[in-house]
Amino acid sequence: MADDVFIAISGDALHAKSKVYIGRAMARKAAEELDEYQLWASLALELLGKAALAYRHPSLVVDPTNWRSLFVAAGINVTTDVKTITAKTLFERLAHLVPRFDPVMHKFCMDISERRNAELHSADLPFRGMRLEAWEARYWHACDAILRHMETSLEDWLGADAEAPRQIVAEAAAASDAAVKMRVEAAREWFAGLKKAEREELAQRAAALTPFDQIAVFNAAYDEIWSEVCPGCGCQAFMAGDQTGEEIKQETGEHEMWEIVEREFVADEFRCPTCQLVLLGSDEFDSAGLDYIYTDEQEREMEYEPDYGND
């Protein structure tokens, strides 16, 4: 990757511009202009997300269907009109890059982006009716997750304005943590209140289930479903999520036709078929004491690229 990255897709430039925009957002909040506060905040979030992608590689923020933009991302400046990805693509890519960027966070970011588009490109006033408590805590939580992945912080991004957002994030996290722990404890008490024979029968039924049996239970078609001990009733439960990476661990066979691949998945949902406990997203998993990153090993036949351009 070239040292001199075109400024439109430079991670440093995108990060710096996001700081300017979040500064404008905080100024609007101080002036109690809350619709403009959310507008500037939404713009800052998108720039911050693009900065996170660009720090990994500039090609992650350019339109993959525009070859000139791809050349620029590779350090070959054939144009100054660089086309970048949409907010939808941005947040989809962040979900694969940032482990804590789960579907709950993804949906929130898409919602605020859609309100931003409606504000800028229509006669609607979607920010006018939004109460702070309906979006602010989740906004700072999303920014904090992206900044942590970038190995920086709200304090660095916001400067002197960081204290209030940090407190909002902490208060929201504490409330969510308490709610999850109450749900887990309720499931535990329900199961403990059953007769011993009932508990044993339910545990046996759960143990006989396979991940394949649970496909229709989850909200989406995930890459993988795996078993987990329920933190409530202690029976077999299941988590589901998408693959975020893989690594070839070993090539096997006489002519190295097979390979062993270690795959990594990040969970999006937890569901227990026994006590009906449902947990969504990394924050709820943390509160319940569940590890949301799962790895396995798979042996598969090696794939070879066909000859290209030799016809």
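First, the basis of the work. This is a predicted model, in which local features need pLDDT of at least 70 and side-chain atom pairs count only at pLDDT 80 or more, while totals for chains, interfaces and linings use all residues. Residues are numbered from 1 along each chain as its sequence is written, and side-chain values use heavy atoms, with hydrogens and water left out.

Let me turn to the overall form. The protein has 10 helices and five strands; helices (H or I, at least four residues) and strands (E, at least two) are DSSP runs, numbered from the N terminus. Its C-alpha trace spans about 70 × 65 × 35 Å along the principal axes. Of the 311 residues, 39% are buried. Here buried means under 20% relative accessible area, exposed means over 50%, and partly exposed lies in between, with a 1.4 Å probe and protein chains only. The protein exposes about 17,300 Å², and carbon and sulfur atoms supply 50% of that area; accessible areas come from the Shrake-Rupley method with a 1.4 Å probe, and for residues only the protein chains shown count as cover. Among contacts between residues at least 6 apart in sequence, 61% join residues at least 24 apart, where contact means heavy atoms within 4.5 Å.

Next, the cores. In soluble globular proteins, nonpolar side chains tend to be buried together. A nonpolar core, as I use the term, is a set of buried Ala, Val, Leu, Ile, Met, Phe, Trp, Tyr and Cys residues joined through side-chain atoms within 4.5 Å. Which residues of the largest nonpolar core touch the most other members? Of its 51 residues, they are Ile22, Phe91, Leu94, Tyr139, Trp140 and Trp157. At least two residues of this core come from each of H1, H2, helix H3 (67-73), helix H4 (87-97), H5, H6, H7 and H8. The most come from H2, which gives 11 residues. Apart from this core lies another, of 24 residues, including Leu194, Ala206, Phe265 and Tyr292. To return to Phe91: not counting residues up to four places away in sequence, Phe91 touches Leu45, Phe101, His106, Cys109, Met110 and Ser113.

Val169 is found in helix H8 and is buried, with a relative accessible area of 10%. Leaving aside residues up to four places away in sequence, Val169 touches Trp140, His141 and Leu154. Between Val169 and Phe127 there are 42 residues of sequence separation and 21 Å in space, C-alpha to C-alpha.

Val266 lies in strand S3 and counts as buried, at 10% relative accessibility. Beyond residues up to four places away in sequence, Val266 touches Pro99, Trp226, Gly241, Asp242, Thr244, Tyr292 and Ile293.

Now the pockets. On a 1 Å grid over the protein atoms alone, a pocket is an open set of points with protein on both sides within 12 Å along at least five of seven lines, for points where a 1.4 Å probe fits, and lining residues have an atom within 4 Å of a point. Grid points are joined across faces, edges and corners, and a volume is the space filled by probe spheres set on the points.

The largest pocket has a volume of about 570 Å³. It is lined by 25 residues, of which Met105, His141, Ala173, Ser176 and Asp283 lie nearest its centre. Two or more lining residues come from each of helix H5 (103-121), H6, helix H8 (163-192) and helix H10 (281-288). H8 provides the largest share, seven residues.

The second largest pocket has a volume of about 240 Å³. Among its lining residues are Ile7, Leu14, Tyr21, Glu46 and Arg116. Helix H1 (11-30) and helix H2 (34-56) each supply at least two of the lining residues.

Finally, two loop residues. Where is Glu151 placed? Glu151 is in the loop between helix H6 (132-149) and helix H7 (154-158). Its phi is near 60°, a positive value in a residue other than glycine, and Glu151 is exposed, with a relative accessible area of 76%.

Gln276 sits in the loop between strand S3 (258-271) and strand S4 (278-280). Although Gln276 is not a glycine, it has a positive phi of about 65°. Gln276 is exposed, with a relative accessible area of 55%.
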